[in-house]
Amino acid sequence: MLAAILSLTVLGAILGLVLGIAGRLLAVATNPIVDELEALLPGTNCGQCGFPGCSGAAAAIADGSAAPTCCPPGGKAVAAALAEKLGLSLDLSGMADDGPKLAVIAEDLCIGCCRCIKSCPTDAILGAPKQIHNVLKEACTGCAACVDHCPTEAVLMQPVPVTLQHWVMPKPMAA
Amino acid sequence: MGLMEKFFGLSWGIHPEDHKRPAADAATRTMPVPERLYVSLSQHLGAPARPAVLVGQKVRKGDKLADPQGAVSAAIHAPTSGTVAAIGEIPAPHPSGLPVLAITLDSDGKDEWTELEGCTDPFALEPAEISRRVAAAGVVGLGGATFPSALKLSLSQKSKVSTLIMNGGECEPYLSCDDRLMRDAAADIVDGIRLMLHATGATEALVGIEDNKPEAIAAMTEAARPYAEVSVRPVPARYPMGSEKQLILVLTGKEIPADGRPGDVGVVVHNVGTARAVHEAIRHGRPLVSRLVTVNGACVAQPGNIFVPVGTLVEEVLAFAGGLQGAPARLIMGGPMMGMSLPHARVPVVKGTSGILALDAAQVAERAQEPCIRCASCVRACPIGLLPLEMARHIQASDLKGAVGVGLKDCIACGCCAYVCPSQIPLVQYFAHAKGEMAAQDRAKLRAEATKKMAQARSDRLEREAREKAEMAARRKAERAAAAAATAATAPTPSSTAVAEGAQA
Amino acid sequence: MSELVLLLISTALVNNVVLIKFLGLCPAMGVSKSMDSALGMGMATTFVLTLASAASWSLEHWLLVPMELQFLRILTFILVIASVVQFTEMFIKKASPGLYQSLGIYLPLITTNCAVLGVALLNVQQGYGFFWSVAYGFGSALGFTLVLMIFAGLRERIALARVPGAFTGAPIAFVTISLLALAFMGFSGLNV
């Protein structure tokens with residue numbers, strides 16, 4: 001009885017000590033996965049995820065407090081890349097993704113207040129006070145940050161038009 | 001080529017019924033210029049051309065309509081004389097039926113050439129000058145890929161190719177425009193070949209012609225006789241012999257590495273039609289404004305080869321060829337293997353249009369698709385040595401990475417696999433879909449990088465503005481302080497200020 | 001020498017850990033979606049099993065038998081094997097980050113899973129000497145790796161196949177692994 005208790009205690013103590021010392025001696029600085037995650041995010045700091053910019057979202061995703069699906073402008077593609085980096089299996093079917101979008105300004109509603117210009121993270125909106133604004137298609141990332149800033153609801157999100165350069169042959173149906 | 005191929009013939013590819021005659025034997029016709037031409041601005045590989053004319057402007061045949069834009073692009077010229085009626089979108093000659101920007105030209109019926117700058121002694125010109133003139137004439141590869149020829153010439157001069165291979169394979173069934181051109185204009189083609197040799201610095205030209213075109217081989221051999229550097233080499237008729245990689249392998253025995261280009265093995269390939277276009281551009285200064293198009297298929301009343309101005313509607317070409325007999329089951333631009341299925345006939349002919357096929361139901365021979373039985377017929381047919389069935393399985397499961405792992409990027413989309421498939425699986429559509437998806441992913445990646453740069457530029461700008469504001473405020477403060485100090489210094493004594501204040505009060 | 005070969009064949013094929021003894025089914029189902037991770041898992045298990053065999057033999061013969069504490073076998077084995085594996089993981093992480101990336105991430109998964117503990121216990125019951133114990137552990141682990149690789153290869157192909165809706169995912173995997181187990185039953189006809 002005593003032998004059993006003693007031997008187990010001693011064994012446990014020795015192993016615990018060895019592991020404790022090893023933990024100190026062999027400590028490795030963990031690699032900053034946050035940076036890698038941030039590199040995958042769009043980098044516009046549009047704030048739609050509810051975190052302060054893309055680095056905040058990356059930190060939240062890394063420590064598990066946010067889902068990889070939290071980036072609306074990134075869509076399914078970014079969510080899948082984040083999940084792969086974290087080794088998570090992800091059900092993307094529930095994620096709303098109706099394709100990339102572009103902001104368009106309705107010219108009859110725009111009053112030229114310049115508020116949307118200030119909110120654009122990529123400087124994609126052109127305009128001056130009391131002049132109708134316009135969106136540069138090439139620079140718009142479809143983050144929708146400008147939509148809420150418009151006092152006349154003149155900013156609309158529209159799907160990116162399909163052109164000859166962007167057309168992809170549809171996948172054939174299986175037999 | 002390996003020993004096996006020496007003894008047992010080529011193991012890759014397929015040998016479809018060629019259906020080239022009687023269209024190939026019919027005399028070449030020239031189509032009159034239609035009233036209205038629709039000249040697409042995307043007739044070549046690369047960026048669309050930028051319009052250089054205004055609506056309402058009068059142009060003569062051969063005047064430049066659009067300038068090349070970007071590194072890979074080509075100029076576009078007026079196919080006839082007339083007035084620019086519109087610059088806008090028209091249906092593109094493309095299976096999607098999406099619109100493309102085009103210049104609509106109303107013909108004045110005179111078909112009058114602009115002043116042309118020909119050259120009587122082009123071999124005295126610098127090779128770079130030949131490339132420049134070819135570029136100015138808007139010549140693109142007429143085999144179907146429509147890569148700007150001038151760029152290919154100057155690139156091959158830089159990479160010091162030794163062999164120029166002329167592609168007269170024309171392995172696609174039904175098509176015979178290259179065959180016809182070689183029979184009718186062999187001397188022009190040989191002259192074009194010699195010009196291209198001069199422009200690229202290559203020492204020999206091998207003209208590969210499939211052995212099912214004996215008349216073309218005879219005509220070309222005759223035309224090339226005086227020139228030792230140009231030799232005509234009959235090659236076995238086998239699809240896809242007209243593919244760059246296959247033709248190089250058969251003619252030189254050199255195999256192009258997986259992600260390499262012909263230039264890597266010291267070879268450059270041009271189409272025989274391109275050689276004629278180069279001859280026209282250099283000798284006569286004529287830009288590429290019309291081309292020989294094969295009109296064929298069971299629904300065409302008078303099949304044959306027709307010189308068609310670029311921008312003519314397919315509808316009008318078919319009408320010139322005697323009209324349609326019955327509704328075609330499928331309308332194809334290009335060959336039946338690699339061509340594009342057209343949604344309708346109101347699309348214009350472009351520089352890369354080698355053929356217009358109106359096939360009936362028997363020729364299309366469409367059957368219901370069945371499951372893969374893993375017979376590996378596609379593996380045997382694949383000229384590159386890939387596993388089409390495995391690639392299709394990966395793509396079916398949306399596993400693009402897996403498909404790339406089994407060689408998707410090396411696929412030349414020749415369609416041999418789909419042709420031999422006993423289950424009628426549209427393999428080549430799967431590959432086209434996957435390649436499109438991959439291109440979309442690459443674009444998204446580029447876009448993400450551009451976005452990052454723009455976001456960075458914005459934050460830099462905000463920072464700079466804040467700094468400038470702070471500096472400005474500091475400067476103003478300093479100025480105010482200096483001004484205050486100055487007034488304090490100029491003010492003689494406190495008492496006098498008090499007096500002044502008192503006076504004011 | 002021939003005895004060693006016979007021992008390896010009998011442990012790896014005839015008495016396969018996964019398919020005959022039904023030990024270590026959780027990693028066999030969980031980490032067999034791709035050949036890459038199956039190989040990593042297999043190598044990690046091989047390493048741990050060999051180490052565990054050596055550790056358990058030493059523990060049995062130098063501590064438990066002299067002190068007549070065989071009833072503490074399971075308890076002490078778990079303690080020692082888990083500690084050894086933990087230590088190894090830390091060491092690999094420090095010494096070779098590359099190896100850690102491909103192999104080390106699987107180590108915490110198998111700190112005394114049923115295969116590791118089961119083989120250690122069976123091993124001791126056989127009453128082998130030290131060298132043979134280690135060979136027994138190594139052979140079992142080879143069998144584990146083999147099955148994992150075969151199964152992962154099958155699953156990679158099944159992932160591309162069109163499986164009836166009700167069978168997609170785990171069900172078809174269970175059907176496959178049971179067929180695989182039937183196939184391995186054939187090895188019991190080997191007279192070794």
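In helix α6 (residues 214–224) of chain B, the buried residues are B:Ala216, B:Ile217, B:Ala219, B:Met220, B:Ala223 and B:Ala224; buried means that 20 or more other C-beta atoms, placed from the backbone, lie within 10 Å of a residue's own. They lie on the same side of α6(B), because they cover an arc of only 170° around the axis, the arc being that of the directions from the helix axis to the C-beta atoms. This is a predicted model, in which local features need pLDDT of at least 70, side-chain atom pairs count only at pLDDT 80 or more, and totals for chains, interfaces and linings use all residues. Residues are numbered from 1 along each chain as its sequence is written, while chains are lettered from A and ligands numbered from 1 in the order in which they are written.

**Chain B as a whole**
- Chain B contains 16 helices and 17 strands; these are DSSP runs numbered from the N terminus, with helices (H or I) of at least four residues and strands (E) of at least two.
- Its C-alpha atoms fill a box of roughly 120 × 60 × 50 Å along the principal axes.
- Of the 505 residues in chain B, 47% are buried.

**Domains of chain A**
- An automatic or database domain assignment gives domain 1 (33–86) and domain 2 (101–159) in chain A.
- The centres of domain 1 and domain 2 of chain A, taken over C-alpha atoms, are 24 Å apart.

Conventions: Buried ≥ 20, exposed ≤ 12 C-beta atoms within 10 Å, placed from the backbone.
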